[in-house]
Amino acid sequence: MERRDFLQLLGLFSGAAMLPGCSENRSAGKLVSYLVPPDEGVLPGAALYLPSTCGECPAGCGLTVRVSEGRAVKLEGRAGHPVNDGGLCMRGQAALWRLYHPERLRNPLRRDGAGQFQPLSWDEALTLVVEELEQARQEGRANLLLSGRTTGTLTELQQHFCRQLGVEPLPQFEIFSHAALRKAYGILFGQAELPHYRIDQADLLLSIGADLLETFVSPVGYARQFSRAIKQDGFQWLHAEPHYSLTGANATERLVLNPGSEAALLSFLLLRIESSGQEGRLPRQLLRALPAVSAGQAARLTGLAEERLERLAKQLLLAERPLLIAGGIATGQPNGLQTALLAGLLQQQLGMIGSRIEFARAENYAAVGSLHDLQRLAERLEQDRVGVLLVCAADPLARAPAALDLPGKFKRAGLRVGLCDLFDDSARQFDLLLPLSHPLESWGDAVPRKGVLSLLKPALDPLHDSRSAGEVWLELLRRSAKPAESASYQEYLFDVWHRRLDERQLQQFAEQGYLSLPVAAVPLRLQAERAAGQLAGAETAVAAPWSLVLAPSIRSFDGRSGSLPLLSELPDPLSTVSYGRWLAMAPAAAQALQLEDRDLVRVAAGDWSADLPVRLQPGLAASVLMIQGDLLPEASLPIDPRSGELVRVLDGVRLEKLGSAAQLAILAGSSSQHGRGLIPDPAHHAEIPPEQSRFYRAHPHKEYRWAMTVDLELCIGCAACAAACYVENNVPVVGRRDHLRGREMSWLRIEPFYDQAGRAGFLPMLCQHCHNAPCEPVCPVYAAYHNPEGLNVQVYQRCVGTRYCSNNCPYKVRRFNWWQPQWQAPLEQMRNPDLAARDRGVMEKCTFCVQRIRRARDRARDEERPIRDGEVVTACGQSCPTGAIRFGNLLDEQSAVYRLARSERAYRVFAELGTEPSVYYLRKG
Amino acid sequence: MKSLAAREKLEQDVLKGLRRPGKWYLLGLACCALLFLGALGLWGYQLSRGLGVTGLMHPVGWGVYITNFVFWVGIAHSGTLISAVLFLFRARFRSSFNRAAEAMTIFALMVAGLFPLIHLGRVWIFYYLFPYPSQRTLWPNFRSPLVWDVFAISTYMIVSLVFFYLGTLPDLAIARRRLSGIRARIYSVLSLGWTGSHGQWKQYGRLYLFLAAFATPLVASVHSIVSWDFAVSILPGWHTTIFAPYFVAGAILSGTAMVIILVVPLRRALQLQPYISIDHFEAIAKILLLTSLIVSYAYLVEYGLAFYGHNQFEMELFRYRALGHYRALFWLMIVCNSLVPLTLFIRRLRRNLAYLFAVSLLVTLGMWVERFVLIVTSLAHDFDPYAWGTYTPSWVEIGITCGSFGLFFMLFLIFVKTVPVLSMSELKERL
Amino acid sequence: MARTYRYAEQEEFMDKLRELLQSGVGKEQLQLYTPYHLPEVEQLLALPPGRLRLFPLIGGLGGFFGGLALTVYTALSWPLITGGKPIVSLPPFLIIAYLLTILFGSLASFAGFLLLARLPELDNLLDPGEFSNYFIIVVAGERP
Amino acid sequence: MKRDTQAVLLAAGCGLALAVLALGPFGGGLGPLLLALSCWVALLQGCVAVAATCDLVKARWIGPIRSRLLAPTPLLLLSAPLFLLFWPQLQHYPWSAGGGRYLHPEFFMLRNLAALLLTAVVALAYAAAASRKQLLAVVYLLLFVVCQSLIAFDWIMSLEYPWYSSMLGFYFITEALYAGLAVACLLFWRRLRAADPADAQARERLRDLTSLIFGFCILWGGLFFAQYLLIWYGNLPEETGFILRRTGTAPYRQMAWLMLGCTFMIPFLGLLSARVKSSPAAAAGISLVILGGLLLERLLYILPVLTLAPLATLAQFFLLGAPVLFAWRRRAAGGAGES
Amino acid sequence: MARLLLNLGIIGYFGLFLLAAVALGGYWTGDRQQPQQPIAFPHTVHAGTLQLACEFCHRYAKQSRRAGVPSLTRCMSCHQTLAAEREEIKKLTRIFEAGQPLHWNRVYRLPDFIYFSHKRHVRGGVPCAACHGDVARMKTVRQVRSLEMGWCLACHRDLGAPTDCTTCHN
């Protein structure tokens with residue numbers, strides 16, 4: 001492209017980004033005069049907000065990066081972004097921890113003869129790769145590229161690269177490949193795609209196995225949709241699953257299935273609806289192929305009551321806009337493909353395809369393969385036919401089922417080149433390590449699903465001597481004397497965008513960081529014959545106890561985020577276990593075996609076995625055991641031969657009590673609320689007539705009285721708020737040892753409380769900023785006091801650390817610094833400069849993000865106006881995917897919190913104590 | 001000439017205590033000093049690392065340290081009780097104990113005063129708790145019970161010191177006469193040149209009365225204030241009105257036990273049998289019994305009322321105390337403080353020193369455990385079930401606790417060798 | 001010239017004292033030394049109650065109002081709301097006042113004691129006058 | 001002898017009259033009876049308790065008035081049957097709807113009846129006893145503690161159910177003793193008038209007594225403050241209501257201050273001076289004030305909850321008081337010669 | 001003998017006070033700092049004789065928390081020509097041409113638990129001299145105010161500025 005265009009785009013996109021603000025390092029006591037002044041609009045000491053895209057999981061949520069003093073200090077969901085529209089999950093919040101991860105590769109490494117890794121320059125490294133490629137070609141061995149899921153321009157560049165250098169691109173690797181679903185849709189409609197589901201368009205959602213709120217394709221997006229859907233009255237959500245997932249916990253009703261009986265359920269429904277004759281009829285040959293499942297059989301197989309099954313069918317029939325989503329655990333089973341097929345048929349039969357299920361906006365999984373491809377790779381490695389093996393931004397070694405023995409077979413490749421960011425165990429399996437830049441350090445774009453273009457642009461200079469994948473491919477092209485049309489990947493991108501987008505679009509793209517592009521409608525035809533052929537084998541045998549479900553983890557996705565300290569610090573929302581792995585078990589079953597929390601048991605399947613501590617999981621089926629999938633890499637899981645999906649449900653698992661107990665960091669002191677009405681059932685009411693309630697006169701608030709409302713109907717317990725709070729407020733991550741002692745530092749925590757029936761309610765608990773706060777008067781030095789704007793302030797510098805305030809806090813939300821908080825370099829760069837670092841011996845707690853209030857006030861005073869409603873958004877509220885948390889001024893009668901605090905659903909926790917909190921919760925229904 | 005001789009003998013007997021120490025004494029002293037130094041080391045360790053080295057956690061922010069504080073303040077109580085209150089009630093047997101008891105008060109207070117400092121997160125700015133004009137123009141928060149503590153403890157310390165010193169004044173003058181060399185010098189300076197003229201005696205008598213009158217309400221109020229450290233909170237099991245009388249009784253119970261623990265061996269070692277008779281011990285034992293009864297009454301009322309009001313938090317907490325994680329300690333406390341002392345209703349046991357000594361040991365233990373149970377259970381099991389947790393002291397805390405005993409006994413041993421352990425000028429009246 | 005009587009026994013001493021008083025010796029002439037406190041002597045000499053009780057009174061009052069003043073002043077000097085309690089919340093402040101009452105009361109009375117008992121007697125500090133086990137009556141030089 | 005029968009008859013008569021009145025249409029409900037009974041029982045038991053304590057610690061000052069102090073002890077026997085009159089009126093208690101296992105009507109009546117009876121019997125035995133006084137004294141004091149605690153928790157505190165203050169029992173015990181001492185002081189005054197006024201020893205003892213009263217005055221103040229402070233500080237709605245109802249509104253607030261003045265401030269300031277301490281008349285006056293204050297306090301407990309019809313209240317109060325007063329004057333008159 | 005002891009006591013007693021006084025004096029004067037700068041920049045000339053407005057160089061004082069120090073280009077914009085022969089200017093030019101940033105030594109240092117905004121103070125009409133003193137008179141700038149809490153507070157109280165802790169503490 002021409003220089004002029006490039007410069008124009010550069011101006012358009014980079015704007016202020018690249019120039020470090022006049023940053024000052026207080027501790028060093030220096031003031032720096034830079035060569036050139038930061039250009040207009042950039043003020044030293046003021047933060048920048050740059051668009052980007054989250055790379056922590058394939059969903060590709062839009063980001064707003066807060067850059068302060070040249071350092072990215074906070075990630076926020078980008079408002080209006082088609083994928084996540086403002087929300088961001090805990091993994092997204094933790095992405096910064098990957099950027100500043102102490103174990104990041106700092107420069108290229110090569111394994112020497114002794115097996116030690118020696119640093120070398122990029123130049124040497126790339127030359128080496130080129131030579132090896134060449135040599136392998138001459139020896140007639142194949143050079144392979146195995147990459148994680150890529151989208152957008154990078155995919156194209158990769159293909160280009162492979163074509164040019166004769167490298168064979170393998171189908172991309174994702175363990176959550178949704179292969180069964182894609183294959184099923186391929187069989188049924190000739191579209192091997194992952195459609196985009198529109199929950200917000202539905203009035204009845206029946207989800208089978210798909211963990212929409214944890215890892216299924218785009219959790220934040222689906223959570224957002226759910227929040228819109230639930231606002232329309234009459235919305236019903238039924239979730240069917242063998243185990244217990246966060247998704248199930250949030251559904252209107254959770255249908256507990258016997259493992260493997262999903263297909264039976266679906267065929268029953270198909271037949272019922274067919275026989276009702278209301279909905280579109282299915283082709284005859286399909287009907288014949290359908291396993292004939294009567295209500296009785298269905299009941300026996302699924303374990304649901306016959307009456308319930310009938311009612312389910314009726315509900316589906318009566319619903320105007322029903323939506324069925326099958327996936328996740330449901331398709332990760334020996335008969336997963338059938339389940340997917342039947343689901344597809346039901347979707348077709350009830351007319352969801354094309355309306356609530358959009359193939360036109362299909363999720364971008366086209367390039368992703370399945371485990372079959374890994375199997376093939378393994379075979380080829382066996383036969384020593386692989387020269388250079390490039391593995392880019394993927395960790396098959398840790399994720400792929402142990403049965404494949406990839407680590408062993410990898411060794412057979414000529415040169416194993418790993419493009420990765422962390423120097424972890426799987427990285428050590430390579431011969432040559434090329435450090436990848438973090439998405440926040442690099443240029444790029446993403447197309448999470450058809451019709452969405454999302455921008456990546458550097459928010460800060462690379463911390464280490466690393467490069468983005470694109471840059472590496474281009475370099476390799478150039479070095480192998482192949483025509484590389486662009487000097488840099490940035491230029492390459494600009495070129496592509498320049499070609500694809502017109503002026504207006506470019507403008508928009510640069511400003512808002514994303515684009516919604518028009519999509520072409522996809523014609524769909526049900527191919528009955530092919531489908532009928534595949535339906536055989538849908539029958540299900542009743543699972544033999546125990547069944548072990550390897551549930552996907554909201555904390556680490558498929559395990560890739562497990563290496564981020566923050567995510568081990570945050571407890572799993574259902575079990576409240578932070579550090580360590582555990583086996584979830586139904587209380588009844590545990591009682592039968594006289595097992596309690598933390599008791600060790602040995603689970604064994606086939607020749608594999610593991611010793612795990614037990615954690616009681618109310619609501620879990622008695623014959624089902626559950627463990628977070630990412631915690632069991634060594635489990636030898638079978639692969640579904642038909643779909644290439646990983647089978648995540650094991651039957652006939654053996655269980656043996658070991659009699660000893662292990663240390664396990666369970667944060668919840670009790671999983672029941674002992675009828676204390678923290679989450680009130682309608683019965684509970686402890687209101688006291690005000691004149692009786694207070695001994696001393698209410699103190700006045702002048703202009704503002706800050707308050708928060710938390711809508712428990714919207715809260716899904718995903719703990720994104722907690723993660724956001726950690727990052728925003730520099731909350732120290734203290735690690736396993738202190739968690740075992742109950743010394744976690746979270747300012748905001750999600751408290752799950754289970755009722756007798758095992759239904760869970762989630763209560764985000766943070767400082768309630770009480771009007772009559774018990775913590776304040778007991779402080780001997782005024783470190784805790786109540787400020788005129790209704791904040792319960794903790795002055796760290798004044799605190800002497802008597803800990804009386806924490807003792808006297810009925811909500812137990814104050815945290816004491818038992819040690820001097822440690823920030824292993826370069827993590828300290830992540831610290832939010834707007835907040836003081838707390839020292840050892842000081843009490844700390846939620847401040848209602850006082851620094852954000854201060855920022856808003858500063859702005860308001862510049863414009864000589866009061867702070868507007870919604871101008872102050874706390875970190876937790878910003879991150880919440882469902883917008884359950886609102887913050888504002890209680891004195892402003894127009895404000896949202898004023899309205900919500902007066903809704904008939906509003907209540908305050910422990911109102912009977914007369915503390916008069918400023919946090920109002922809105923009870924369900 | 002008989003009473004004169006008796007007086008002379010008394011002086012000799014009592015001042016025998018000031019003779020050159022024997023090896024057992026030195027050994028004991030060394031052990032105590034060692035314990036104390038060890039504790040100092042541990043404290044240093046804690047200061048360098050942070051309070052993480054203790055077992056304290058969320059939600060249990062107070063543990064062994066505060067337990068020790070309350071315990072030692074409690075010990076400090078019977079000292080002033082025995083000298084001041086019994087003086088007002090003209091109980092004759094007072095004079096056999098008061099000197100030792102007052103000394104005990106002072107030492108116990110010195111030890112107690114350390115623990116709030118040890119438990120502070122940032123002890124290097126402890127002076128924020130004192131009202132002094134600073135450039136910050138910030139003052140302590142007088143609404144906080146912890147500030148009341150600062151005032152209560154220091155007041156109690158000062159008044160006790162004055163009281164102790166006044167009582168010793170004439171005896172110092174005697175020591176001055178009977179000893180020689182530099183010690184005589186020291187004693188004579190300390191005795192302010194006391195001559196025993198009727199003018200001095202007159203003022204002495206009246207001052208003693210005033211001080212007793214001031215000290216008596218002080219005794220009650222100080223431990224009431226300590227009890228309010230807990231009672232003003234809203235925690236179930238802490239926030240209850242009976243705490244003030246209950247703590248005072250408990251304090252006197254433990255203190256009296258400690259007096260017995262100290263005086264029984266003292267009487268033996270210094271052959272003071274003629275001056276400290278069994279009847280005196282019986283009288284003290286009766287106080288022990290009475291206070292134990294009051295404490296038991298408080299236990300009963302606390303428990304009864306927890307269930308009387310149907311307050312779910314209270315009920316659950318008291319269930320937890322008796323049956324929960326700390327139940328063993330709870331029952332130990334019941335046995336030691338309520339049941340064992342009941343045996344003192346039997347006169348023969350009251351008058352059996354060995355038995356009395358054993359009971360006192362048990363009571364002291366029991367009272368320590370009581371404070372521990374009371375402090376920890378309420379914190380471990382309060383309002384929000386999610387935040388429940390259990391606390392186990394770390395070896396640092398245990399070490400420092402032992403050290404506090406070391407310090408206490410070290411000070412007392414030094415006292416035994418430097419100050420007449422009986423108030424001679426008072427005993428002379430009895431002769 | 002002064003006469004000195006030494007007695008070993010309290011009774012003899014008291015008898016002598018009575019006798020002296022009856023014989024019209026003025027009590028200002030008498031200087032008595034006893035090994036322990038003898039209230040009877042005061043009754044015999046019918047000494048006035050003395051001014052010592054003023055000291056605790058003044059000290060106590062000072063302490064009480066001083067305490068109130070301190071707490072109230074500091075609370076008002078930078079009014080910070082804690083727990084919704086009033087800035088001047090008397091119940092807690094009374095505790096401080098009460099404690100200071102006792103503190104200053106007893107300190108004042110001790111000071112008063114030193115003052116009235118003329119202690120410490122400097123010249124008596126190092127070459128002390130005897131504080132013996134005897135009951136001693138010294139009759140200062142009587143006029144003929 | 002003649003006088004004794006008089007006394008018995010009077011007592012019986014009054015008791016009967018009171019019963020009739022209380023049960024009759026003009027009984028005025030539970031209030032008057034509760035007031036009268038709780039006051040007089042506390043007073044009588046207090047007197048006996050004072051005597052018993054003095055015996056235990058061998059206090060000398062009690063000597064001249066011990067017999068007088070114990071004179072009305074037999075009247076304690078009345079308390080039990082009169083307490084039975086509660087039975088038909090329990091519905092006045094807020095918990096009568098359902099107070100759980102402890103506040104259960106039958107249990108309530110039984111335990112209180114038992115406590116009253118036992119205390120009365122032992123008190124009598126002790127008052128009459130010539131030997132083993134010590135043991136009886138101890139037993140009586142234990143029973144006294146139980147009985148007063150029950151009166152505090154069951155009769156009075158449960159008026160405010162579910163509010164509770166664990167100190168109340170202790171508080172009532174103190175008040176009973178306080179009242180007992182005040183009575184003793186009054187008797188002293190009569191005695192000193194009767195005997196020769198320059199009885200130095202008696203005055204010495206009066207000083208002891210008044211100092212004791214002074215001590216109790218401070219103790220009472222302390223307890224009152226302790227309870228108030230904790231409720232004020234904790235600010236728990238379920239507790240504050242109790243105080244607010246008694247200090248919030250017009251008549252009660254003034255009553256509360258008056259009560260505080262009578263039971264604490266006046267005696268405290270008065271007894272500060274040695275002269276007042278040793279003057280029988282002044283001491284007696286202060287004692288009267290104290291008794292008035294204690295009565296006021298009982299009123300404060302009951303008034304916000306139960307209605308007190310003035311006439312019925314006065315009638316019942318004095319019907320119960322008459323025999324007590326009679327007993328004392330009788331002793332005084334009869335015993336002028338003795339001792 | 002007694003006299004001697006007494007005198008010793010008295011001397012010691014007052015001696016202590018003397019010591020305390022000296023120590024305090026040292027403490028109060030000690031923390032005022034006047035560091036040497038890499039380039040001897042004379043405010044006396046720029047702010048004094050030339051009468052340049054503070055914001056001519058510290059251009060962010062009105063718009064940002066930080067007043068900011070001028071970029072070297074800004075310095076050179078005059079000193080390309082002006083007084084180029086001076087030794088210090090030569091130093092400056094060298095640094096500029098070497099393209100390095102210039103590290104000044106901070107004179108006024110606030111701890112990181114304090115939130116301070118130049119913008120708010122300048123816009124609020126607080127003259128620079130109120131805190132920085134008469135810089136025009138200082139050859140090398142020195143700290144003329146203690147920057148202690150009490151000092152800030154006094155001014156806040158006089159001008160009716162907020163005295164809530166969160167105004168400055170974060």
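Guide: A polar contact is a pair of N or O atoms within 3.5 Å; within protein, one atom must be able to donate a hydrogen and the other to accept it, and residues adjacent in sequence count only if both atoms are side-chain atoms. This is a predicted model, in which local features need pLDDT of at least 70 and side-chain atom pairs count only at pLDDT 80 or more, while totals for chains, interfaces and linings use all residues. Residues are numbered from 1 along each chain as its sequence is written, chains are lettered from A and ligands numbered from 1 in the order in which they are written, and side-chain values use heavy atoms, with hydrogens and water left out.

Visitor: Which residue is joined to the side chain of Arg176(B) by a polar contact of 3.4 Å?
Guide: Arg176(B) sits in helix 5 of chain B, where helices (H or I, at least four residues) and strands (E, at least two) are DSSP runs numbered from the N terminus. Its relative accessibility is 6%, so Arg176(B) counts as buried, a word that means under 20% relative accessible area, with exposed over 50% and partly exposed in between (1.4 Å probe, protein chains only). The side chain of Arg176(B) reaches the backbone oxygen of Trp194(B) at 2.9 Å, and the side-chain partner at 3.4 Å is Ser191(B).

Visitor: Which residue caps the N-terminal end of helix 10 of chain B?
Guide: Helix 10 of chain B runs over residues 312-323 and reaches 16 Å from its first C-alpha to its last, close to the 16 Å expected, the expected span being 1.5 Å times one less than the number of residues. Its buried residues, among them Phe313(B) and Leu317(B), pack against helix 9, helix 11 and helix 13 of chain B, contact meaning heavy atoms within 4.5 Å. At the N-terminal end, the backbone nitrogen of Phe313(B) lies 2.8 Å from a side-chain oxygen of the capping residue, Asn311(B).

Visitor: Which residues of chain B lose the most area to chain A?
Guide: The contact takes 53 residues from chain B and 57 residues from chain A. Buried area, the accessible area (1.4 Å probe) that two parts lose on being put together, summed over both, is about 4,500 Å² here, and carbon and sulfur atoms give 56% of that. On the side of chain B, 21% of what is buried comes together from the three that lose the most, His58(B), Arg122(B) and Tyr386(B).

Visitor: How many salt bridges does the rule find across the interface of chain B and chain A?
Guide: A salt bridge is a side-chain nitrogen of Lys or Arg within 4 Å of a carboxyl oxygen of Asp or Glu. Arg749(A) forms one with Asp384(B), where the closest N and O atoms are 3.1 Å apart. Across the interface of chain B and chain A, the number of salt bridges found by the rule is two.

Visitor: Which residue does a cis peptide bond join to Leu119(C)?
Guide: The bond has an omega of about -10 degrees.

Visitor: What is the phi of Arg598(A)?
Guide: Arg598(A) is found in the loop between helix 21 and strand 23 of chain A, and it is partly exposed, with a relative accessible area of 30%. Although Arg598(A) is not a glycine, its phi is positive, at about 80 degrees.
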